[in-house]
Amino acid sequence: HTKSRMLTDAITAQYVDTEIDVFIGAGEDFFTNTVKYSGAPTSAGTPQMTIVPREDNRDLLVELRQKGYQVLSAWDDIKQVKSGKLAGFTEKLQQPNLLNGRDVNMFPDEVSLALSLLSQNDKGFFLMMSSMFPDRASHNGNIDLLCQEVTNLDTAIGRAMDFADEHGDTLVLVAGSPEASGMTLTDGDIANGKVEAKWTMP
């Protein structure tokens, strides 16, 4: 753990130093540079960032390869992995939301791939999956995007539930993150798939 999620050098170093078996997601540039947040998020919910050399001068991608990781930078390559340690990067910096180009199948498929790789360990495994996108959509007051992202998260959780049903010795825990911006559901129509919401703060 670190004192702040903005301490990206320390956080990325922990991926190497703790030698977790599998991680998949965006942020490849964080492993070779220091990425500093330089402004408020854009209308798409993406933080504005400035890239500078890492203060510790470490190239964590090289270190990962030296430790036997398959370090891959494209989802088409990542999803072909069948075994071994994996550092899979789907984007250089930030993964886009569903309205801005992210494949609706990517997150659920990432969960399925991680389960397939980790379950090869006879001693068992622990997998943590997380999605920041419902939180971002709520902060932006975008109810349509929020519904899409929550549904996508639900599909990913379903992959874990399917795995647990099939194997019978797996515990799945689902926990919410802090509520974003005081969202309140004000109206809706189940028949027409409509949800309305208001926020107490932007």
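Biologist: How does Arg58 count by relative accessibility: buried, exposed or partly exposed?
Modeller: Apply the cut-offs. Buried means under 20% relative accessible area, exposed over 50%, partly exposed in between (1.4 Å probe, protein chains only). Arg58 has 23% relative accessibility, so Arg58 counts as partly exposed. This is a predicted model: local features need pLDDT of at least 70, side-chain atom pairs count only at pLDDT 80 or more, and totals for chains, interfaces and linings use all residues. Residues are numbered from 1 along each chain as its sequence is written, and side-chain values use heavy atoms, with hydrogens and water left out.

Biologist: Which side chain meets Arg58 in a salt bridge?
Modeller: General idea: side chains of opposite charge can pair when their charged atoms come close. The rule here is a side-chain nitrogen of Lys or Arg within 4 Å of a carboxyl oxygen of Asp or Glu. Arg58 pairs with Asp17, at 3.2 Å from N to O. Asp17 is in helix α1 and Arg58 in the loop between β3 and α2, so the bridge ties together parts 41 residues apart in sequence. Helices (H or I, at least four residues) and strands (E, at least two) are DSSP runs, numbered from the N terminus. Asp17 is partly exposed, at 47% relative accessible area.

Biologist: How many salt bridges does the rule give?
Modeller: The count comes to 11. One of them joins Lys67 and Glu19, whose closest N and O atoms are 3.3 Å apart. Lys67 sits in the loop between α2 and β4 (70-72), Glu19 in the loop between α1 and β1, and 48 residues separate these distant parts of the chain. Lys67 is partly exposed at 33%. Another bridge joins Glu196 and Lys194, with N to O at 2.9 Å. Glu196 has a relative accessible area of 30% and is partly exposed. Lys194, at 44%, also counts as partly exposed.

Biologist: Which residues are linked in a network of salt bridges?
Modeller: Asp9, Arg54 and Asp56. Asp9 belongs to helix α1. Asp9 is buried, with 16% relative accessible area. Contact means heavy atoms within 4.5 Å. Leaving out residues up to four places away in sequence, Asp9 touches Asn33, Thr34, Arg54 and Glu55.

Biologist: Which residues of helix α1 are buried?
Modeller: An α-helix has 3.6 residues a turn, so residues three or four places apart point the same way. In α1 (residues 8-17), the buried set is Thr8, Asp9, Thr12, Ala13 and Val16. Down the α1 axis they fall within an arc of 125°, so they line one face. The arc is that of the directions from the helix axis to the C-beta atoms.

Biologist: How many residues does the largest nonpolar core have?
Modeller: A nonpolar core is a set of buried Ala, Val, Leu, Ile, Met, Phe, Trp, Tyr and Cys residues joined through side-chain atoms within 4.5 Å. The largest has 12, including Val16, Phe23, Leu64, Tyr69 and Phe89. The largest share, 3 residues, is that of α2. A core of 11 residues lies apart from it, with Val22, Leu113, Leu117 and Leu118 among them.

Biologist: How many aromatic pairs does the whole structure hold?
Modeller: Rings of Phe, Tyr and Trp (its six-membered ring) pair if their centres lie within 6.5 Å; planes under 30 degrees apart count as stacked, over 60 as edge-to-face and the rest as tilted. The search finds 7 pairs. Phe23 and Phe89 have ring centres 5.9 Å apart and planes at 80°, so they are edge-to-face. Phe23 is in strand β1 (residues 22-25) and Phe89 in strand β5 (residues 86-89), 66 residues apart. Phe23 is buried at 9%, and Phe89 is buried at 2%.

Biologist: Which residues form one aromatic cluster?
Modeller: Tyr15, Phe23, Phe31, Tyr69 and Phe89. Tyr69 touches Tyr15, Phe23 and Leu64, among others.

Biologist: Where does the charged end of Arg102 sit?
Modeller: A charge sits over a ring if NZ of Lys or CZ of Arg is within 6 Å of the ring centre and within 35 degrees of the ring normal. Arg102 has its charged end over the ring of Phe133, 4.1 Å from the ring centre.
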